Amino acid sequence: MRIRVLDILHQTMADGPGFRTAIYCAGCSHACKGCHNPQSWDFNAGKWMEVDELLEIIKADSMSNVSFSGGDPFYQVPAFTELARRIKQETNKTIWCWTGFTLEQIQANPALSPMLEYLDVLVDGPFILEQRDTSLLFRGSPNQRIIYLHGAPPSDDIPGTVPLEKLR
Ligand code: SF4
């Protein structure tokens, strides 16, 4: 199974708490005014990468958790679900995912909802330029929510590495 990937950032600290491997996928149709990344809208940008290949890159970095961004990963649900499922099965890493859909839209659509089971955190909803607030953490406007999909916030520390509070 393949994902259309625009970019991969290693040990980024901008895409969720702590060090993260961020998979930026290609393609988004939400067309939010003022989008920070309009070059990611093109579904043909970037290149195809196999889920196996992405998993090896993610596993090779024992210090980092994982983030899915774009673009919008929810336009490539089957392959991202497979990647997320295997990350949860084969590693102890947490997964944060950004989307322009709301949680309610995803839950109501069986073509979108399968990925939710394997994500730890969803940052949902479109960016609304008129509500832009640069003081917000990991999101651009207050309609976007940081949702802990399984109750409590996940531990984004990785056993065996320096605790995050010592890195900050
Ligand atoms: S959902 Fe994100 S990537 Fe898509 S248009 Fe909106 S801000 Fe840009």
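User: Is V5 buried or exposed here?
Analyst: V5 is buried, because 20 other C-beta atoms lie within 10 Å; buried means 20 or more other C-beta atoms within 10 Å of a residue's own, exposed 12 or fewer, and partly exposed in between, with C-beta atoms placed from the backbone. This is a predicted model, in which local features need pLDDT of at least 70 and side-chain atom pairs count only at pLDDT 80 or more, while totals for chains, interfaces and linings use all residues. Residues are numbered from 1 along each chain as its sequence is written.

User: And which residues is V5 in contact with?
Analyst: Leaving aside neighbours within four places in sequence, V5 is in contact with I23, C25, A26, G46, K47 and M49, a contact being two C-beta atoms, placed from the backbone, within 7 Å.

User: How far is V5 from E50?
Analyst: Their C-alpha atoms are separated by 9.7 Å, although V5 and E50 are 45 residues apart along the chain.

User: Switching topic, how many residues has the largest nonpolar core?
Analyst: The largest nonpolar core has 26 residues, and I3, L83 and I95 have the most contacts inside it; such a core is a set of buried Ala, Val, Leu, Ile, Met, Phe, Trp, Tyr and Cys residues joined through C-beta atoms within 7 Å.

User: What is L83 in contact with?
Analyst: Apart from its neighbours within four places in sequence, L83 is in contact with I3, V51, L54 and L55.

User: What about the ligand, which residues are closest?
Analyst: The closest are C28, H30, C32, C35 and G100, among 13 residues that surround the ligand.

Technical notes:
Near = placed C-beta within 6 Å.
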